[in-house]
Amino acid sequence: MAQDIRNNPGSNHGNKFEQLGTILPTPNEYRTASGAPGPKYWQQRADYDIRCELDEEKLKLTGSETITYFNNSPDVLTYLWLQLDENEHSSEKNANYQDASTIGRQAVDMQIDRLTEEKNDYGVNIVKITDALGAALKYTVNKTMMRVELPAALKPGQNFVFKIDWNYTITDRMKQGGRGGYEYFAEDGNYLFTMTQWYPRLCVYSDFQGWQNHQFTGRGEFALTFGNFKVQMTVPSDHVVGSTGECLNYPAMLTPAQLARWNKAQTAKDVVEVVTLDEANKAITTKAKSKKTWIYKADNVRDFAWTSSRRFIWDAMPANVEGKKVMCMSFYGKEAYGLYRPYSTKAVAHTIKTYSKFSIPYPYPVAQSVEAANGMEYPMICFNYGRTAPDGTYSESTKYGMLGVIIHEVGHNFFPMIVNSDERQWSWMDEGLNTFVEYLTEELWDNKFPTRRGPAAYIADYMKLPKDQLEPIMTNSENIIQFGPNAYAKPATGLNILRETIMGRELFDYAFKEYARRWAFKHPTPADLFRTLEDASGEDLDWFWRGWFYSTDATDIAIDTVRHIIPEFAAPAAAAGGTQKVKLVGPQLNSFDDISKVRNREDKNIVFATDADTSLRDFYWRYARGLEPVDTATYEVPSQSNIAKADAETENKYKGKHIYEIAFSNKGGLVMPIIVEFTYTDGTKDIDRIPAQIWRKNENSVTKVYVKNKEVKSIRLDPMRETADINESNNTWGTIAEPSKFQLFKLKQNARGQSTGITPMQKAKEKKGF
């Protein structure tokens with residue numbers, strides 16, 4: 001957002017802790033101030049009955065669909081908007097969003113290609129649009145959007161039935177990009193089809209925006225209407241089809257042996273191959289000329305996708321999600337067998353069970369992972385990557401990359417397939433929230449999982465970039481420069497900071513589940529999320545939304561000075577002098593350790609997937625168990641002498657105490673909790689967690705006094721790297737200043753019972769942090 005969100009510019013307070021106020025939309029009867037749907041909340045519905053045929057030889061898809069559109073809004077509609085996403089690939093009908101360019105090889109080559117490029121025939125060809133009785137309807141195609149004019153106004157509570165016949169040429173996804181299309185395998189002459197954004201589909205009409213008909217450029221993804229689907233796909237008879245929904249005619253599609261294996265998989269304790277590797281290898285050697293029609297049905301979904309190929313191995317096993325059976329399945333070619341056969345379906349099961357724990361129980365009957373050399377999500381089905389080397393071996397990075405993308409894409413069933421946010425406007429509402437729960441799920445797969453999005457320390461490099469290379473999380477999807485950090489990593493990290501550092505797991509988990517429960521199968525906005533997390537937790541988090549989501553400020557909290565005071569109760573003694581060498585003790589994080597991993601290890605109720613099922617352990621799992629780097633650096637700390645003298649009345653209270661005053665400064669602008677770790681001369685340590693509200697009366701600098709029973713050897717801020725501090729060089733203090741020598745006087749109380757303070761403390765020597 002470009003607007004100045006400060007309430008009190010020029011002041012050191014009254015800005016960062018003020019309420020968001022008019023930055024958020026005004027609550028109403030559709031969306032309440034608590035973040036819940038209001039008493040008059042409504043949303044539209046669109047049901048589809050689709051028949052389509054895949055022509056593998058001509059690489060063409062032809063379809064006919066009947067749409068029933070329900071107007072549940074209080075508004076009268078005179079036209080409907082539909083999305084024609086395949087026009088993204090058209091040379092004439094694409095959205096034509098262009099980026100600025102300068103003279104360079106890539107930009108010049110692109111322009112030369114455009115000079116020689118012929119017009120292509122990609123994009124959706126609309127054959128006809130009629131009403132239920134066959135009367136033609138007037139329509140207008142505007143790039144990737146199509147407006148259909150209604151023959152009569154559609155009043156609240158009414159529905160309208162119309163039909164669309166269409167076709168399009170399928171694109172080579174590996175060359176032209178995009179989320180759907182085909183991949184061609186030259187070695188055996190076969191195709192793998194991923195059919196996504198493949199049918200004309202309704203735009204969302206909502207209470208907060210009206211029609212969401214912003215053009216599809218390939219970046220900002222989708223805003224879609226819930227409905228029920230029946231889809232019939234006619235494909236070559238030797239193809240295997242995986243799809244959103246449940247298949248209604250497996251007995252007619254599968255061989256008797258395959259059907260028997262499918263039935264066996266319904267109650268299996270382990271993965272069962274429904275279509276085996278041998279069967280897939282035989283299928284790719286011949287190409288059937290006949291065709292079959294697979295029939296699928298899916299209820300209450302926002303979209304529908306499918307895949308088709310004769311190259312597929314298909315395996316399955318059931319998962320129990322809070323008493324309900326969900327069939328978990330994977331489809332993959334022989335080049336992915338070494339990774340997908342042992343891991344994919346088990347990762348699907350782990351994902352839906354873990355996401356169900358942190359949000360709502362998975363409501364659909366199936367969940368599927370398809371290896372297609374990409375990463376994209378749809379209801380009940382997703383497309384991922386993960387192929388082995390030709391000899392069947394794989395690297396550690398390939399294995400964990402595969403597991404990460406499967407968990408992420410399967411997790412999208414919850415965000416945004418069920419909690420149905422507007423991806424075209426706010427990418428972070430699905431990618432960020434999903435990346436956060438992906439992180440929790442990876443952590444519960446294996447406590448050494450090398451995740452890179454979630455732990456606060458990993459976002460620091462992004463947040464320390466120059467301001468002109470950053471944008472707030474709330475930036476529109478099409479305008480983001482640093483898309484990965486901004487839409488995925490930063491919002492996920494912010495939620496993890498809330499969970500681990502600001503709110504605590506119990507409060508956060510309850511509030512996050514409440515958000516998922518309230519907005520399941522509905523259309524939430526950012527304000528609904530922000531308000532629900534506050535409403536369900538009793539925490540005022542406007543300061544956090546303001547800083548983390550609406551600004552580009554960074555965390556950089558520094559130790560400026562430390563004062564050390566030791567009360568004296570006898571005649572001063574000569575200083576012992578000299579120094580001692582000590583280690584600066586404290587956790588040193590590597591890529592496998594963070595605050596969540598530590599707490600998960602300590603939680604005896606947590607059972608990691610790799611412990612529950614030891615077949616998931618491999619060489620890399622065993623290798624990781626020995627990595628525990630330590631800090632061997634030493635620092636000189638001056639020896640201390642006794643100082644000060646006090647009367648007998650005060651002696652019992654202050655004898656043996658060490659008083660410290662620490663001055664902190666907020667150099668990055670983002671207010672955060674201050675986490676202070678003390679390491680004592682006897683080697684022990686403890687941590688004090690100061691809530692972010694300590695900054696509310698001075699957002700730039702604060703001081704804090706501590707009284708300790710032991711001498712402090714060193715001080716470190718944020719030892720577990722929980723706050724995304726971009727400059728850790730100013731986080732430590734390791735040399736204790738020689739204590740001031742002063743006479744400690746009794747504290748006196750004034751008439752109001754307030755302490756008058758200790759004046760001699762002002763004379764304490766200061767030692768700058770290093």
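**Exercises on a predicted model**

Ile 103 lies in the loop that runs between strand 3 (77-83) and helix 1 (105-116), where helices (H or I, at least four residues) and strands (E, at least two) are DSSP runs numbered from the N terminus. The model is predicted, so that local features need pLDDT of at least 70 and side-chain atom pairs count only at pLDDT 80 or more, while totals for chains, interfaces and linings use all residues. Residues are numbered from 1 along each chain as its sequence is written, and side-chain values use heavy atoms, with hydrogens and water left out.

**Exercise 1.** Decide whether Ile 103 is buried or exposed.

*Solution.* Take the cut-offs: buried means under 20% relative accessible area, exposed over 50%, and partly exposed in between (1.4 Å probe, protein chains only). Ile 103 counts as exposed because its relative accessibility is 84%.

**Exercise 2.** Find the order of the strands in the open sheet, and which strands stand at its edges.

*Solution.* The seven strands of this open sheet follow the order 4-7-2-1-13-17-15, and their pairing is mixed. Strand 4 (125-131) and strand 15 (246-247) stand at the edges, each with a single partner strand, so one side of each has no neighbour in the sheet. Two strands pair if DSSP finds at least two bridges between them; strand 13 (residues 227-236) and strand 17 (residues 291-301) pair in the antiparallel sense over nine bridges. Within strand 17, Trp 294 is the bridge partner of Met 233.

**Exercise 3.** State the average pLDDT of the chain.

*Solution.* On this scale of the predictor's confidence in each residue, from 0 to 100, the chain averages 88, and 87% of the residues score at least 70.
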